[in-house]
Amino acid sequence: MKKYSVFAIAREAMRGHKGWEEQWSSPEPKKEYDVIIVGAGGHGLATAYYLATVHGITNVAVLEKGWLGGGNTGRNTTIIRSNYLYDESAGIYDHALKLWDGLSQELNYNVMYSARGVMMLAHNVHDIQVLKRHVHANRLNGIDNEWLTPEQAKEFCPPLNISKQARYPVVGAALQRRGGTARHDAVAWGYARGASARGVHIIQNCEVTGVKRAANGAVTGVDTTRGFIGAKKVGVVAAGHSSVIMNMAGVRMPLESYPLQALVSEPVKPVVPCVIMSNTVHAYISQSDKGELVIGAGTDQYVSYSQTGGLHILQHTLDAICEMFPIFTRMKMLRSWGGIVDVTPDRSPILAKTPVPGLYVNCGWGTGGFKATPGSGHVFAHTIAKDDPHPINAPFTIERFRTGRLIDEAAAAAVAH
Amino acid sequence: MLLIRCPYCEEERPELEFRNAGEAHIARSANIAGESDDDFEKFFFIRSNPKGVIHERWRHMHGCARFFNAVRDTVTDKFIMTYKAGEPKPAKLPGVAK
């Protein structure tokens with residue numbers, strides 16, 4: 001792997017940019033690997049990357065039925081934050097946030113992580129109580145989150161309307177300054193490049209059609225559209241399709257898959273300097289470096305794998321955005337799209353060993369997995385390499401739905417993705 | 001937006017009038033306190049989440065307000081049929097092979 005640097009740009013400028021190499025190779029699948037990762041999205045590629053860099057396991061294949069980063073990694077709204085309520089969530093989301101800081105240097109790839117701040121608005125006394133509870137819980141866990149008056153919120157985010165006459169007046173806000181955004185595609189590409197350079201095989205257009213198990217129940221490999229590929233360890237990181245893959249291994253999951261839509265406006269000059277969320281008005285918005293307003297909608301109400309959703313869901317979201325920011329009422333929306341998100345009953349992920357020996361699963365990130373990409377990959381690689389969960393992901397078992405030890409983040413995950 | 005046929009109103013109405021109420025044909029135990037942890041997990045949390053034909057409950061909230069069941073393809077989002085609550089799972093689906 002040739003290092004990207006200012007000297008590389010200068011060198012290539014001198015010779016007509018003919019020396020840039022492919023960012024990752026596309027080898028033919030081998031008969032057998034030490035580890036197979038199902039799904040080449042951000043989480044799967046990060047897992048492969050950390051298997052190689054932290055644990056020295058490089059005989060790894062990442063199988064992808066479509067193209068790399070073409071699922072939810074390329075469909076989310078790129079928000080990064082760690083202001084979740086419970087200790088377990090604080091542990092895993094802040095582990096990720098610490099890795100975001102410095103990720104571009106680590107990968108030698110600009111993931112454009114921008115700690116521009118995530119501001120959550122309060123509109124009534126209940127919002128104040130809930131958000132202040134989050135602020136205090138976060139600070140006890142060493143996570144930055146501070147309470148702002150409406151005037152302070154306006155100073156941090158000038159387009160905010162703090163008039164008392166507004167339909168949903170802003171009566172305060174919680175601000176996580178380390179929160180922000182990153183370039184979603186670059187995260188997948190950066191991890192793919194880093195993993196490929198260390199010998200990981202990334203195999204696109206290779207759909208897993210079955211999971212093979214030995215007489216003792218242990219995993220022996222996977223059937224794919226490109227033939228059988230053997231491995232003693234298989235990690236399923238398939239987002240909306242996780243329960244489909246797990247069913248192939250005979251494991252039924254506490255998951256339901258829903259369409260989640262998002263949309264962007266035409267690009268305009270910088271106007272929204274941070275990420276703004278309102279759980280009450282049910283909307284959130286940020287602005288990409290290209291200038292588009294990035295707006296996330298809610299999920300549709302029914303199980304679907306169609307990667308689309310109802311128009312009324314988008315209309316509802318835009319209604320809410322216009323309530324919060326009347327200046328955007330004449331903005332034109334450029335495009336909208338949908339992704340399929342796998343939602344657990346307690347809105348927390350599952351990163352764990354499974355009842356099947358050699359089968360591991362990293363799923364259930366629901367509507368908000370992008371922010372966790374580095375941390376998720378890091379601890380999932382540990383879980384696979386050691387056949388034992390990292391202390392950070394130890395609470396995120398499948399068994400918690402039997403024991404009742406849930407991590408109920410429905411409030412923190414309701415709107416803000 | 002989906003167009004959904006309510007089997008009670010016998011009319012196709014827009015999705016906005018309806019609420020999805022999750023997977024159908026999941027029977028609650030008559031003795032819920034006596035359920036084992038395993039069986040309670042299956043009843044309460046585990047879902048089939050199929051890629052393909054799903055049996056699901058809908059409620060015609062802004063219409064007759066009654067619950068009914070539907071069979072739908074989760075890949076195309078097309079409804080195969082709807083039927084009244086309490087009726088058994090249809091053995092044969094119209095227009096579906098096997």
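Residues are numbered from 1 along each chain as its sequence is written, while chains are lettered from A and ligands numbered from 1 in the order in which they are written. Because the model is predicted, local features need pLDDT of at least 70 and side-chain atom pairs count only at pLDDT 80 or more, whereas totals for chains, interfaces and linings use all residues.

**View 1. The two domains of chain A and the contact between them.** Domain 1 of chain A is made up of 6–17 + 24–109 + 183–254 + 346–413, and domain 2 of 118–178 + 257–343; such bounds come from an automatic or database domain assignment. Taken over C-alpha atoms, the centres of the two domains are 27 Å apart. The contact joins 24 residues of domain 1 of chain A to 25 residues of domain 2 of chain A, where two residues are in contact if their C-beta atoms, placed from the backbone, lie within 7 Å. On the domain 1 side, helix H3 (87–100) and helix H8 (242–248) of chain A each supply at least two residues. H3(A) gives the most to that side, with four residues. Helices (H or I, at least four residues) and strands (E, at least two) are DSSP runs, numbered from the N terminus. The domain 1 side divides into seven nonpolar, 12 polar and five charged residues; Ala, Val, Leu, Ile, Met, Phe, Trp, Tyr, Cys and Pro count as nonpolar, Asp, Glu, Lys and Arg as charged, and the others, Gly among them, as polar.

**View 2. The largest nonpolar core.** A nonpolar core is a set of buried Ala, Val, Leu, Ile, Met, Phe, Trp, Tyr and Cys residues joined through C-beta atoms within 7 Å. A residue is buried if 20 or more other C-beta atoms lie within 10 Å of its own, exposed if 12 or fewer, and partly exposed in between, with C-beta atoms placed from the backbone. This core has 123 residues, of which Ile36(A), Val38(A), Val60(A), Val62(A) and Met119(A) touch the most other members. Helix H2(A) gives the most to the core, with seven residues. Both domain 1 and domain 2 of chain A give residues to the core, so it lies between them. Beyond its neighbours within four places in sequence, Met119(A) is in contact with Ala153(A), Phe156(A), Cys157(A), Ala173(A), Leu175(A), Cys274(A), Val275(A) and Ile276(A).

**View 3. Helix H7 of chain A and its packing.** H7(A) covers residues 184–197, and its end C-alpha atoms are 20 Å apart, in agreement with the 20 Å that its 14 residues should span at 1.5 Å a residue. The expected span is 1.5 Å times one less than the number of residues. Of those 14 residues, 11 are buried, including His184(A), Trp189(A), Tyr191(A) and Arg193(A). The buried residues of H7(A) pack against helix H2 (42–53), helix H4 (103–107), strand E8 (201–203) and helix H10 (373–386) of chain A. Just after the helix, Gly199(A) takes a positive phi of about 105 degrees.

**View 4. The loop that holds Pro158(A).** Pro158(A) is found between helix H6 (150–156) and strand E6 (172–176) of chain A. Pro158(A) is exposed, with 9 other C-beta atoms within 10 Å. C-alpha to C-alpha, Pro158(A) and Leu51(A) are 44 Å apart in space, and they are 107 residues apart in sequence.

**View 5. The hairpin of strands E1 and E2 in chain B.** Chain B has one helix and six strands, which run β-β-β-α-β-β-β from the N terminus on. Strands E1 (residues 3–6) and E2 (residues 11–14) of chain B pair in the antiparallel sense over four bridges; pairing requires that DSSP finds at least two bridges between the strands. Arg13(B) in E2(B) is the bridge partner of Ile4(B). Four residues lie between the two strands of the hairpin, and Glu10(B) in the turn has a positive phi of about 55 degrees.

**View 6. The contact between chain A and chain B.** Each chain takes part, with 19 residues from chain B and 19 residues from chain A. Strand E3 (19–23), helix H1 (37–44) and strand E4 (53–59) of chain B each supply at least two residues of the chain B side. H1(B) gives the most to that side, with three residues. By class, the chain B side has six nonpolar, four polar and nine charged residues.
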